[in-house]
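The following paragraphs lead the reader through a single model, from one residue to the chain as a whole. Please consult the sequence and the structure alongside the text.

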Amino acid sequence: MYPSLQLIRKDFILVRKYLLLLIPYYIWMASMNNDIYIFAALPPMLLLINSCTLDVQHMNQRFLISLPVCRQQLVASKYISMLPFALLGAGFTVIMYMAGLSLGQHADPHFWKGIGLVTAVFPLLGAFYLPVFFWLGQKGSQIVNIIFMMIAILGSSLSTKFLEWFPFLSEWAVDLSSNQTVLYMIGGLAYLCILFGSYLISLRIFIRKDL
């Protein structure tokens, strides 16, 4: 576990300059009155993409596998890094929302549901991005990065509007079963299966990859 923690720390060191840019980013986005939920998805996705891109540019993977660090730890650290990235985006978003309320903005009745949904969507985006990253590496990474950034922007804006556009979806979910715990367990299990399946695919690709 200790090497994995050091690898996560390495990712934060790589993106430390981008972390400093988050403050003016949030201030600028708030002044533009954009969808607040973008704050929860776009910066974490940007941090993940930049950490992967910088790893390739600095040839960190080639160096690390020459150390007593196995490839499983390198892959696992990327997936574990998504958790602090997601919490960072959610935390900043909550701070901006509370600051807006203190300045007289109207409360959003769907805020907590929306922030939870968008925060959960980010690891799913990462689950699709990371296998592609380990497969392509530097080759074609720019195009892939642009595509996933667009998905993060559009997905964070649209996913939180579903309850507003289609309120019958929430009613249908309530009427579907009186035991909501079972639904949450099934959804959580499917969520974990996607992440674990993505990890296995990335690991299989990276183990066979010649660096």
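Is Asp55 buried or exposed? Asp55 counts as buried because its relative accessibility is 2%, where buried means under 20% relative accessible area, exposed over 50% and partly exposed in between, computed with a 1.4 Å probe and protein chains only. The model is a predicted one, in which local features need pLDDT of at least 70 and side-chain atom pairs count only at pLDDT 80 or more, whereas totals for chains, interfaces and linings use all residues. Residues are numbered from 1 along each chain as its sequence is written, and side-chain values use heavy atoms, with hydrogens and water left out.

Asp55 forms a salt bridge with Lys78, with the closest N and O atoms 2.6 Å apart; the term requires a side-chain nitrogen of Lys or Arg within 4 Å of a carboxyl oxygen of Asp or Glu. This pair links distant parts of the chain, since Asp55 lies in helix H3 and Lys78 in helix H5, 23 residues apart. Helices (H or I, at least four residues) and strands (E, at least two) are DSSP runs, numbered from the N terminus. Lys78 is likewise buried, because its relative accessible area is 3%. Salt bridges that share partners join Lys10, Asp11, Asp55 and Lys78 into one network.

The side chains of Lys78 and Asp11 meet in a salt bridge at 3.0 Å, N to O. That pair also connects distant parts of the chain, with Lys78 in helix H5 and Asp11 in helix H1, 67 residues apart. Asp11 forms a further salt bridge with Lys10, for which the closest N and O atoms are 3.1 Å apart, and both of these residues are buried. The count of salt bridges comes to four.

Helix H1 also contains Leu7. Leu7 counts as buried because its relative accessibility is 5%. Leaving out residues up to four places away in sequence, Leu7 touches Leu64, Val69, Gln73, Leu74 and Ser77, a contact being heavy atoms within 4.5 Å. Leu7 and Val75 are 68 residues apart in sequence, and their C-alpha atoms are 9.8 Å apart in space.

Leu130 touches Leu48, Cys52, Lys78, Tyr79, Met82 and Ser202, when residues up to four places away in sequence are not counted. Ser198 is found in helix H10 and counts as buried, because its relative accessibility is 5%. Apart from its neighbours within four places in sequence, Ser198 is in contact with Tyr79, Ala127 and Pro131.

The geometry of H6 can be checked against expectation. At 1.5 Å a residue, its 26 residues should span 38 Å, and its end C-alpha atoms are 37 Å apart, which agrees; the expected span is 1.5 Å times one less than the number of residues. Just after H6, Gly137 takes a positive phi of about 65°. Met59 has a positive phi of about 55° although it is not a glycine. Most residues other than glycine have a negative phi. Met59 lies in the loop between H3 and helix H4 (60–64) and is partly exposed, with a relative accessible area of 47%.

At the surface, Met98, Leu101 and Trp112 form a nonpolar patch with about 300 Å² of accessible area together. Met98 is found in helix H5 (residues 71–102), and it is partly exposed because its relative accessible area is 39%. Patches are made of residues with over 30% relative accessible area and no salt bridge, like charges being joined within 9 Å and nonpolar side chains (Val, Leu, Ile, Met, Phe, Trp, Tyr) within 5 Å.

Finally, the chain as a whole may be considered. The protein chain has 10 helices and zero strands. Of its 211 residues, 40% count as buried. Residues 24 or more positions apart account for 82% of the contacts with a separation of 6 or more. The protein chain exposes about 12,400 Å², of which carbon and sulfur atoms supply 73%; accessible areas come from the Shrake-Rupley method with a 1.4 Å probe, and for residues only the protein chains shown count as cover.
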